[in-house]
Amino acid sequence: MSNTHTSFIEISKDSDFPIQNLPYGVFSTSAQGAKKIAVAIGEWVLDLTTLEEKGLITVSEGDRVFNSETLNKFIESGKANWSKARASIQNLLNADNPTLRDNDELRASVFFKQTEVIMHLPVHIPGYTDFYSSKEHATNVGSMFRDPKNALLPNWSELPVGYNGRASSVIVSGTDIVRPSGQIKLPNEDRPTFSPCRKLDFELETGFIIGKPSDLGAPISIENAWDHIFGMVLFNDWSARDLQQWEYVPLGPFNSKTFASSVSPWIVTLEALEPFKTHSPAQEPKPLAYLQEDLSANSYDINLSVELKTEHSNTAEVISKTNFKYMYWSMAQQLTHHTIAGCNVRVGDLMGSGTISGPSKDSYGSLLELTWNATEPLQLSNGEQRGFLQDGDTLTMKGYCEKDGLRIGFGEVSGKVLPALNFDFKE
C-alpha cells in the first residue's frame, strides 16, 4: 500500500498507528472476557477474530487463523499469509471501501477504544534469548567495571554475545514489577547477605519475534535469517545490578534477570518497518563468513525514549533518547549466530536486542550508565534524584519511526515498581 493510503478512521498525525502500520496484538474487553486478536488503528483496536468469523477476512482457505488467544497460529501460517492478511485489513479500512465504513452495527462490534480494553501478551513465547549488541553500552559497562582501555572483551567484536533467558517471566506492558530479593555481596563484607535489590535498573531494548521455525541441527543462514522474523516489540529487560554483580561469574546472569522482562502489547511487522531501513554501523574486524551480510540496509531508524514518573510526581520525565540504528550486530546476525551450532527456534520465540545506548550520555539505555553506577545521580525536574529505581517509580519506553510524513510507532511498554516481598527466614 502507498504511504499516502488513507483510512475512513480519523487518525491524528502524531499517532503511532496509521493504516500503514497495523501492528498485531491480543485484547479483551474485560478481565474475564475472551481474548481476541486485533490490529491497532489510530485510537482503536480492530477485532480480527470477529471479522474472520463473519467471513470478512479470509487468510487461509478452509481454516481460521485468528480464532486463538495468541498470534502463534497466524504467525505459523507463513509469510505469504502475513502479507495477505495485511492487504485484506488495509482494504477493509480503506476510505473508499463501504463494508465497514457504512455499516454502523458492524463497526460497533469490531472497533474498541484502546483506552477501554485490556491488552495481553501477544504471543506464546516458547523461548527467550537476550543479546548484548550495543557497542556503546558494552563499552560503558566494560569501562565501569574493568579496564577502560580494554572495555570490550576479545569475543565481543567477533560474535553477537547473548544468553538464554527465562520465557516464563516475560510479561505484557502495564504489569507491576515486584522488587526482587536475593544475595548481595557488599564490598566490605566477607559473605553475601540476603536483601531486596538496591540497584534496580531498566534496560532499553527492542525484541524480535520468530515467525518461522527451524529444525534441530540445521542453522539458519544469514541469507535466510530475515524470512524467520515476524516483527518487533519494545522490550524492558529489568535488571538487578547488585544481584548480578555477585552471581554472574562464571555462568552469567540468573536471578538478577529472571524476575521480569516487559514487552509492548503490539508487534510491528517488518513489512510496516520497510520504509525505515538503514545501515548498521561499520563492523571492524570484518565478521567471519557466516555472519557477513550483503550491502543492503540491515537495520532500522527507530527513535527510542525512556520516561520516568516517580510516586511524588504528576508527570513523567524523559530521561533518555536513543535510536535502534546504533546497534552493532543486526537481528539477522543475532539469529544466524544463535542457530549456528544447531539450536532450533520456534514460532513465538523472543530475541532481545540487548541494551540500546547511543554515543552521548543522554542517549544511554540504562540507569547504570546514565548515573555511572549511581556516582552521578540523575537530577529530576521535581527536585528528586535517582541513582537506581525506587519503589513507586513507573518506567515507560516509547518508540517510533518517522520519514516523509509517515510515522510508524510501537506504542509503549511500561511497568511500576512495587516493594519487595517480606521474607521471614528462620535460621
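Three cavities of 30 Å³ or more were counted in the structure, where a cavity is a set of points, on a 1 Å grid over the protein atoms alone, at which a 1.4 Å probe fits but cannot get out. The structure is a predicted model, in which local features need pLDDT of at least 70 and side-chain atom pairs count only at pLDDT 80 or more, whereas totals for chains, interfaces and linings use all residues. Residues are numbered from 1 along each chain as its sequence is written, and side-chain values use heavy atoms, with hydrogens and water left out.

Rolling a probe the size of a water molecule over the atoms shows where empty space is left. The largest cavity holds about 50 Å³ of space, a volume being the space filled by probe spheres set on the grid points, which are joined across faces, edges and corners. Its lining consists of L308, K309, T310, S313, T315, E317, L380, S381 and N382; lining residues have an atom within 4 Å of a point. By class, two of these residues are nonpolar, five polar and two charged. In this classification Ala, Val, Leu, Ile, Met, Phe, Trp, Tyr, Cys and Pro count as nonpolar, Asp, Glu, Lys and Arg as charged, and the others, Gly among them, as polar.

Pockets were also identified, a pocket being an open set of points with protein on both sides within 12 Å along at least five of seven lines. The largest pocket has a volume of about 880 Å³. It is lined by 34 residues, of which Y132, V141, Q244, Y248 and P253 are the closest to its centre. At least two lining residues are supplied by each of β6 (128-131), α6 (135-145), β7 (162-164) and α7 (241-247), and α6 provides the largest share, five residues. Helices (H or I, at least four residues) and strands (E, at least two) are DSSP runs, numbered from the N terminus. The lining of the largest pocket comprises 17 nonpolar, ten polar and seven charged residues.

The second largest pocket contains about 510 Å³ of space. Among the 23 residues of its lining, F17, Q114, W266, G411 and E412 are the closest to the centre. Two or more lining residues come from each of β25 and β26, with β26 giving the most, four residues. The lining of the second largest pocket divides into eight nonpolar, nine polar and six charged residues.

Strands β25 and β26 also belong to an open sheet of five strands with mixed pairing, in the order β9-β26-β25-β20-β21. Because β9 (177-178) and β21 (317-323) stand at the edges with a single partner strand each, one side of each is left without a neighbour in the sheet. Two strands pair if DSSP finds at least two bridges between them. Strand β25 (residues 394-403) is joined to β26 (residues 406-418) by nine bridges in the antiparallel sense, and T396 has S414 of β26 as its bridge partner.

Strand β14 (residues 229-236) is largely enclosed by the rest of the structure, because eight of its eight residues are buried, that is, under 20% relative accessible area with a 1.4 Å probe and protein chains only. Seven bridges link β14 to the antiparallel strand β13 (residues 204-210), with E205 opposite F235 of β14. Two bridges join β14 to β17 (residues 268-269), again in the antiparallel sense, and here M232 is partnered by V268. A further antiparallel pairing over two bridges connects β14 with β16 (residues 261-263), where N236 has S262 as its bridge partner.

Conventions:
Buried < 20%, exposed > 50% of the residue type's maximum accessible area, 1.4 Å probe, protein only.
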